[in-house]
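Thanks for asking me to look this one over.

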Amino acid sequence: MSQTQILVIGRHPEILQTVVRLVNNNPSWNATGCLTDQEAIASFDKQEFALVLLGGGIEEESEDALCRYFSVNKPDIKIVQHYGGGSGLLSAEIFSAIG
């Protein structure tokens, strides 16, 4: 069984690292973490992601631009905003998004 690829974008290195670790605790998921818009777009362009997870701290302008880019380039991509709340909420958000 292949893993569901999840792109995680956040602005705070420690929080991003924690979210990536929590996502990767599920053996069915594999997270790629990015701190900048450029990093996120480069990762998105070279890998097939099922889900984009937007963390806290992303400026509204960047969030809008990223969502537009992802949706134009992969119209069926799921995009979830995650602002914290622990691993249970994070897992529920991911399960809800990917079915």
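1. Let's start with Lys74, which is buried at 16% relative accessibility; buried means under 20% relative accessible area, exposed over 50%, and partly exposed in between, with a 1.4 Å probe and protein chains only. Lys74 sits in the loop between α3 (60-73) and β4. Helices (H or I, at least four residues) and strands (E, at least two) are DSSP runs, numbered from the N terminus. Setting aside neighbours within four places in sequence, Lys74 is in contact with Phe44, Glu48, Phe49 and Ala50, where contact means heavy atoms within 4.5 Å. Glu48 is 26 residues from Lys74 along the chain, and their C-alpha atoms are 9.5 Å apart.

2. A word on the model itself. It is predicted, so local features need pLDDT of at least 70 and side-chain atom pairs count only at pLDDT 80 or more, while totals for chains, interfaces and linings use all residues. Residues are numbered from 1 along each chain as its sequence is written, and side-chain values use heavy atoms, with hydrogens and water left out.

3. Next, the aromatic rings. The structure holds four aromatic pairs; rings of Phe, Tyr and Trp (its six-membered ring) pair if their centres lie within 6.5 Å, and planes under 30 degrees apart count as stacked, over 60 as edge-to-face and the rest as tilted. Tyr69 and Phe70 make an edge-to-face pair, because their ring centres are 6.2 Å apart and their planes stand at 75 degrees. Phe70 is buried, with a relative accessible area of 0%, whereas Tyr69 is partly exposed at 25%. Ring pairs also link Phe44, Tyr69 and Phe70 into a cluster.

4. Now to the sheet. It is open, with four strands in the order β2-β1-β3-β4 and parallel pairing; two strands pair if DSSP finds at least two bridges between them. β2 (29-34) and β4 (78-81) are the edge strands with a single partner each, so one side of each has no neighbour in the sheet. On average, neighbouring strands are turned by 25 degrees against each other, direction ignored.

5. Which strands does β3 bridge to? Four bridges join β3 (residues 51-54) to β4, and four join β1 to β3. Leu54 has Gln81 in β4 as its bridge partner, while Val8 stands opposite Leu53 in β3. Both faces of β3 are covered, with Leu51 and Leu53 buried on one side and Val52 and Leu54 buried on the other.

6. Helix α2 (residues 37-46) packs on the sheet, where it touches β1 (4-9), β2 and β3, and its direction makes about 140 degrees with that of β2. Axes here are lines fitted to C-alpha atoms, for helices over the stretch in contact, and angles run from 0 to 180 degrees between N-to-C directions. Ser43 belongs to α2 and is buried at 11% relative accessibility. Not counting residues up to four places away in sequence, Ser43 touches Leu7, Thr32, Cys34 and Phe49.

7. Finally, have a look at the two helices α1 (residues 13-24) and α4 (residues 87-98): their axes come within 10 Å and cross at roughly 65 degrees. Here Val19, Leu22 and Val23 of α1 meet Ser87, Leu90 and Ile94 of α4.
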